[in-house]
Each structure stands twice: as structure tokens, then as C-alpha cells.
Amino acid sequence: MKGKRVFITGGANGIGVCLVRTFYDAGALVAFCDIDAEKGKSVCENISPDILFYPVDVSDEKAFSQVVNSLINRWGDVDIIINNVGISNFSPLVETSIQQFDNILSTNLRPVFITSRALAIHRNSEEGKRRYGRIINIASTCYLQSEPGSEGYAASKGGIVSLTHALAVSLSEYNITVNCISPGWIQTTGYEKLSASDHNQHPAGRVGKPEDIASMCLFLCAPENDFINGQNIVIDGGMTKKMIYEE
Ligand code: NAD
């Protein structure tokens, strides 16, 4: 990843901070954004002051577009975008307002369109279309299975899976692949406190870790791995392949 310029959304916590660390350790130039200004700053302090942090709310269309464009201008281009921000905010259907539903979509789904569109506009030239690029979107196994009260989240993640294949085809003239990853249960804090049954219910025998997602992102970004395109890669320890009927 030496010299590759990577932009990660939601890099201050959870899977995002693991992505920041993994790409930095792999030699990439890393920038990330997050709404959590305090944690964002501490990520730079803990990992490296060379990492760029943009405090912004990705659901604020204007402010977020400005961040994306100013990063492209600062670096001259961005090679890899990882659209990781996601909020779940489950609430019973009858108690969920239309505004709450919209807010989940504009936080989880719309930013994927905003970053991808900005990169395509920036590279919309004969030379630009030849440049290496990767877009990776973080969806969820909720794209195909649900818990009660997850309408906004499920819709946003299903939207990401579909937006991913649409972008892969729209960007086929470019040297950019677009894939998404659907994590299952990824424990981002207190992994050691999980119970045996938490682990054992997974066909893989364990709950997932942020590193399980980060290593797939690295794999997808290897220049030789450019034949994987438009796909949704499920990383869930086999849970969505397990049939569960209670007697
Ligand atoms: P997290 O809550 O730990 O991290 C999400 C980050 O996004 C936080 O740093 C948060 O501050 C930031 N964020 C939230 N709203 C924002 C906004 N409006 N603008 C800017 N930043 C904002 O979540 P996580 O568990 O690390 O999840 C990361 C991604 O993986 C999400 O898209 C999530 O849906 C997906 N995912 C996670 C799991 C899991 O088990 N952890 C499972 C499936 C999918």
C-alpha cells in the first residue's frame, strides 16, 4: 500500500479505527472523517500525527462534499475510499418517525454516493480513467436478514449492496473496482468478555473482530485483485449459512 492515498469514513471508533491503523501500518497515506471530534483527534495522537482527520457529519451533504473535495485537492487524488460510517438506531416501527428513517439513509447510504461521485468527477478524463482505484463499502448481513425495528438500517444496507453493483458498472470505463463487505457480528470492544455461547453459535467457532474486515479490505486493494468487482463479500463466521428453527 506504499504511497496509496486512502480515505476512510467513520475512522474514529470500532472497525473504522482498525482500518485507519491497518492501512497506515501497510504504508498508505491515510485520511479519515468522523463526527466524533475528540476520538478522531486521539486516533491521530495514538497512531501518527501524519494521519489527516476531518471532523464532519457525513449526513450534512454540503459539509461532507466539501471535505471530500478538499482532500482530493490537497492530495491531488484519492486512490482508495472505504465508506465505513454506519449507525444502527433500531426502534419499533410505530415509534419511528419518517425523519429518523431519512436520517439513517443519509448517514449510511448517501455518503457512498457522494464520495464515489466526487471521485468519478475528478477522474473524468482519459488519463484519470486509467488510474488505479478502489471503492469499498461496508454493508451488513442485515442486507438480507432482520431484527424487529431495523427498517432504516436494513434499507440502508440493502441500498449499499445495490449501489455497489451499480457503481461497479458505471465505473467500468475507469480503473476502479467497487465492492462491499457485509460483516456479521464484529465485536469492537471488550472481546474478552464474550461468552462461550457467543462464540460457539458461529460455525467458525468465534465472534468476529475488526481485523477480519480490515484484512479483506487490504486484499481487495491489492492491485492484482482487480477481477473482483461489484461483489458483496459476507464476513460473518458462517452465521447466514446456518439454518435456525426453534422447536
Ligand atoms: P461504530 O459505531 O463503532 O463506528 C462508527 C463510526 O462512525 C463512529 O466513529 C461514529 O462516530 C461515526 N459516525 C456515526 N455517525 C456519523 C456521522 N453522521 N458522520 C460522521 N461519522 C459518523 O460502528 P462499527 O461497529 O465500527 O461499524 C462500522 C461499520 O460496519 C458500519 O457501517 C456498521 O453498520 C457496519 N457493521 C458493523 C457490524 C458490527 O458488528 N460491528 C456488523 C455489521 C455491519
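Predicted model: local features only at pLDDT ≥ 70, side-chain atom pairs only at ≥ 80, totals over all residues.
Me: Which handedness does the crossing of H5 and H6 have?
Reply: On the H5 side you'll find Val112, Phe113 and Ser116, and these meet Ile160, Leu163 and Leu167 in H6. That contact splits into five nonpolar residues, one polar and no charged. As for the crossing of H5 and H6, it is right-handed.

Me: What about H4 and H5, how far apart are their axes?
Reply: Helix H4 takes in residues 98–108, and its angle to H5 is about 30°. That makes H4 and H5 roughly parallel, since the cut-off is under 35 degrees. Their axes are 4 Å apart.

Me: How many charged residues sit in the contact of H4 with H5?
Reply: Leu105, Ser106, Thr107 and Asn108 come from H4, and they meet Arg110, Pro111 and Val112 in H5. Sorted by class, that contact has three nonpolar and three polar residues, and the charged count is one.

Me: H4 also packs on H6, so which residues of H4 make that contact?
Reply: H4 and H6 pack at about 30°, with axes 9 Å apart, and are therefore roughly parallel. H4 passes H6 in a right-handed crossing. H6 brings Glu151, Gly152, Tyr153, Ala155, Ser156, Lys157 and Ile160, while H4 brings Phe101, Ile104, Leu105 and Asn108.

Me: And how many nonpolar residues does the contact of H4 with H6 have?
Reply: Two charged residues take part in the contact of H4 with H6, along with three polar ones. The nonpolar count is six.

Me: Over to the sheet: which strands stand at the edges?
Reply: The sheet is open and has seven strands, paired in parallel in the order S3-S2-S1-S4-S5-S6-S7. An edge strand has a single partner, so one side of it is left without a neighbour in the sheet. That describes strands S3 (52–55) and S7 (232–235).

Me: What does the twist average from one strand to the next?
Reply: Take the seven strands in sheet order, from S3 through to S7. Going from one strand to the next, the twist averages 15°.

Me: Which residue in S2 is the bridge partner of threonine 9?
Reply: Strand S1 (residues 5–9) runs parallel to strand S2 (residues 29–34), and five bridges join them. For threonine 9, the bridge partner in S2 is cysteine 33.

Me: Which helix packs on the sheet and touches S4, S5, S6 and S7?
Reply: The strands it touches are S4 (80–83), S5 (133–138), S6 (176–183) and S7, and its direction makes about 155° with that of S5. The helix spans residues 210–221, and it is H8.

Me: Where is asparagine 89, given its positive phi?
Reply: Most residues other than glycine have a negative phi. Asparagine 89 isn't a glycine, yet its phi is positive at about 40°. Its place is in the loop between S4 and H4.

Me: Zooming out, what is the radius of gyration of the protein?
Reply: The C-alpha trace spans about 60 × 40 × 40 Å along its principal axes. With 247 residues, a compact globule would come out near 18 Å, and the protein agrees with that, at 18 Å.

Terms used: Residues numbered from 1 in each chain as written. Heavy atoms only, no water. Left-handed = near helix turned anticlockwise from the far one by under 90°. Helix = DSSP H or I, 4+ residues; strand = E, 2+ residues; numbered from the N terminus. Contact = heavy atoms within 4.5 Å. Nonpolar A, V, L, I, M, F, W, Y, C, P; charged D, E, K, R; others polar. Pairing = 2+ DSSP bridges. Axes fitted to C-alpha atoms, helices over the stretch in contact; angles between N-to-C directions. Rg over C-alpha atoms; globule rule 2.2 N^0.38 Å. Parallel < 35°, antiparallel > 145°, perpendicular 65-115°, else oblique.
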